[in-house]
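Biologist: I would like to learn how to read a structure one feature at a time. Please start from the general idea in each case and then show me where to look.

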Amino acid sequence: MNTLPCDLHVHTSASDGTENPAEVVEKAGKAGLTALAVTDHDTIRGVAPALEAGREIGITVLPGVELAAEEEDGEVHLLGYLFDPHHPLLREELARLEKARLARVERMVEKIRALGIPLALERVLALAGEGTVGRPHVARALVEIGAVGSVAEAFARYLERHGPAYVPRLKMAPEEAVLLIRRAGGVAVLAHPGLSRCEELIPRLVSAGLQGLEVYHPEHTPQMVEHYRGLCRRYGLLATGGSDYHGAGHRRYSRLGEVTAPDEVVEKMLALAGRTA
């Protein structure tokens, strides 16, 4: 099936990945991928340099983004592909999310310092560099100062939901995320539904304009894959997939191309977005 494999869920240092966009694209070429989508969290800063690198080495790069939305029972992520990166509504919302991310991290650092841990906000921001700052950077800073032994421990002890340093993110309804992607001319896909356990949400999102499910993901079992393929057939959705790559050494997603989708998925996405290769 995957004679021409495509990884449609990849993160770079523009958000919480450990490698810059050009490095990720170069790595994808060496891994034999024919296409990849840069889907950083709440930002499209990595798209332009990835597109440039893709042109240089001859690999197709799809503009993408991963938006976090909130449901009563937890977080839901929406992947957007092939949107207009200059669309005013999209740019306005991403700027609002970036501002909210910084405020959230500032509050987390305050909570950690109140626990007697001398964490410096400046170091957290330095670890984020030019990317969007988030919990992974707080976790890495905690490891650096010896407050915890690993990023996983930092999340478990302090940063997970209900942890002593957890701060809720700016809330966006899942339907709002779908509409934002569609209004910007993009293709809207529900990310890793097996992780968010939000199956009851799918009919609502389809009504809002959802066009695909991320069927193939490192944490989806074969049984999940078959189940979500069935839902795609039921609702007329595109079955996409990717590795959720965050860079070598990441605590969970460190293998680019570990999970892929066939190249026909990219062709179908282009058709949905009214684009050509």
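**Reading a helix, a sheet and their surroundings**

Modeller: Let us begin with helix α7, in which Pro174, Ala177, Val178, Leu180 and Ile181 are buried. Here buried means under 20% relative accessible area, with exposed set at over 50% and partly exposed in between, using a 1.4 Å probe and protein chains only. Helices (H or I, at least four residues) and strands (E, at least two) are DSSP runs, numbered from the N terminus. Please keep in mind that this is a predicted model, so that local features need pLDDT of at least 70 and side-chain atom pairs count only at pLDDT 80 or more, while totals for chains, interfaces and linings use all residues. Residues are numbered from 1 along each chain as its sequence is written, and side-chain values use heavy atoms, with hydrogens and water left out.

Biologist: Where do the buried residues of α7 fall, seen down its axis?

Modeller: The general idea is that an α-helix has 3.6 residues a turn, so residues three or four places apart point the same way. In α7 the buried residues lie within an arc of 160°, so they line one face of the helix; the arc is that of the directions from the helix axis to the C-beta atoms. Among the elements that cover these buried residues are β3, β4, α3, β5 and α9, where contact means heavy atoms within 4.5 Å. After α7 comes glycine 185, with a positive phi near 85°.

Biologist: In what order do the strands form the open sheet?

Modeller: Two strands pair if DSSP finds at least two bridges between them. On that basis 8 strands make up an open sheet of mixed pairing, in the order β7-β6-β5-β4-β3-β2-β1-β8. Its edge strands are β7 and β8 (261–262), each of which pairs on one side only. Moving in from β7, you find that it is parallel to β6 over 4 bridges, with leucine 213 partnered by alanine 239 of β7. β6 is in turn parallel to β5, through 2 bridges, and there valine 189 stands opposite glycine 212 of β6. By contrast, β3 and β4 are antiparallel over 8 bridges, with leucine 67 opposite leucine 78 of β4.

Biologist: Which residues of the largest nonpolar core touch the most other members?

Modeller: In soluble globular proteins, nonpolar side chains tend to be buried together. A nonpolar core is a set of buried Ala, Val, Leu, Ile, Met, Phe, Trp, Tyr and Cys residues joined through side-chain atoms within 4.5 Å. The largest one here has 34 residues, and those touching the most other members are Leu67, Leu78, Leu190, Leu210, Leu213 and Val215. At least two residues come from each of several elements, including β3, β4, α3 and α7. Leucine 210, leaving aside neighbours within four places in sequence, has contacts that include Leu78, Val178, Leu190 and Leu237. There is also a second, separate core of 21 residues, among them Val105, Ile112, Ile117 and Val167.

Biologist: What does the side chain of histidine 9 join in a polar contact?

Modeller: A polar contact is a pair of N or O atoms within 3.5 Å; within protein, one must be able to donate a hydrogen and the other to accept it, and residues adjacent in sequence count only if both atoms are side-chain atoms. Histidine 9, in strand β1 (residues 5–10), makes such a contact of 3.0 Å with the side chain of glutamate 66. Histidine 9 is buried, at a relative accessible area of 0%.

Biologist: How many disulfides does the count come to?

Modeller: A disulfide is a covalent bond between the sulfur atoms of two cysteines. With the rule that the two sulfur atoms be within 2.5 Å, the count is 0. For cysteine 6, the nearest cysteine sulfur is that of cysteine 232, 16 Å away. The sulfur of cysteine 198 is 13 Å from its closest counterpart, also in cysteine 232, which is too far for a bond.
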